[in-house]
Amino acid sequence: MVISSYTWNLVNQSFILAITVCMSKKCAEMKFQKTATHAFLCTLGFVFLSAEGMMVRCNNNWLTRSMHPDTKTNLHFWLQLTGGILGVAGTLQKSLPKEHHFRSWHGKLGLAACIFFVINCLSGGLGLYSSSYRQYMSPSINDFIHNFLGLLTFVTAMLAQYTGYNTGFFRRNLKEHERFYKYLTAAVLMLTSWGPLLIFLRKLY
C-alpha cells in the first residue's frame, strides 16, 4: 500500500504535536523551574514552530494548501522568527548562568542552531521586506542561500533536541519515555526536512 504525501504530513503533524504537548506538560508539572524552562522554550520554538514554518509552503500540507502563496511566505517567516526567538531565549536561559554548557554536543549544536537562525533570519527578512536589499542581492541567489541555511538551521536544532535526551535533566525526569521522544524526534526531522529538501534540490539543479 502506497501512503500519500498528505497522510505523511498528517502523521508528521501528529508527531510534532505529541512531542510538544508531552514535553510542555512535564515542564508545567515542574513549574518551569531551571532546566524545565529551557526544555519548554526550545521544544516549542525549535520543534513545534520551526517545523510548522518549514512545512508551510509544502504542497502536501493540509493546513496551508488553500492559502495564497504570499500568505504562505509571510506565515513561514513569522513562524520561523517566533520559533527561533523562543529557541534562542531557551538556549540563553540555560547557558548564561552555566559557562560549560557549550562543552557537550547538545550545547554545541544548540549554539550552532542559534547562530544559523540569526543569519538565516536576516537573509529571509531582508529578502522579503527590503526592496533595497533585493536590488543589491539577486532574489534567486538569496533564495538559494536562505533555503540552504533554513535546512541547516532546522537539522542542527533537531539534532540539539535529540542529544538533549541524553542529558542529566532528561534522564532524571523522563528516562522511561526516552524511546518515545527519540523515535518521534528522528521521524519529525526526516519528514519535515523532506519537502524543503526537494524544493532546494530543484533550485540547485
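**View 1. Helix 6 and helix 8 run roughly antiparallel to each other (an angle over 145 degrees).** This is a predicted model, where local features need pLDDT of at least 70 and side-chain atom pairs count only at pLDDT 80 or more. Residues are numbered from 1 along each chain, and side-chain values use heavy atoms. Helix 6 (residues 139-164) and helix 8 (residues 178-204), both DSSP runs of H or I with at least four residues, pack at about 170°, with axes (lines fitted to C-alpha atoms over the stretch in contact) 10 Å apart.

**View 2. Here is the contact of helix 6 with helix 8 (heavy atoms within 4.5 Å).** The contact residues divide into 15 nonpolar, five polar and three charged.

**View 3. Helix 8 has a kink of about 35° at W194.** The bend is the angle between axes fitted to the seven residues ending there and the seven starting there. Proline P196 follows shortly after W194.

**View 4. K25 and E29 form a salt bridge (Lys or Arg side-chain nitrogen within 4 Å of an Asp or Glu carboxyl oxygen).** Their closest N and O atoms are 2.7 Å apart. Being four residues apart in helix 1 (residues 5-29), K25 and E29 are separated by about one helical turn.

Technical notes: Axes are lines fitted to C-alpha atoms, for helices over the stretch in contact, and angles run from 0 to 180 degrees between N-to-C directions. Helices (H or I, at least four residues) and strands (E, at least two) are DSSP runs, numbered from the N terminus. Angles under 35 degrees count as roughly parallel, over 145 as roughly antiparallel, 65 to 115 as roughly perpendicular and the rest as oblique. Ala, Val, Leu, Ile, Met, Phe, Trp, Tyr, Cys and Pro count as nonpolar, Asp, Glu, Lys and Arg as charged, and the others, Gly among them, as polar.
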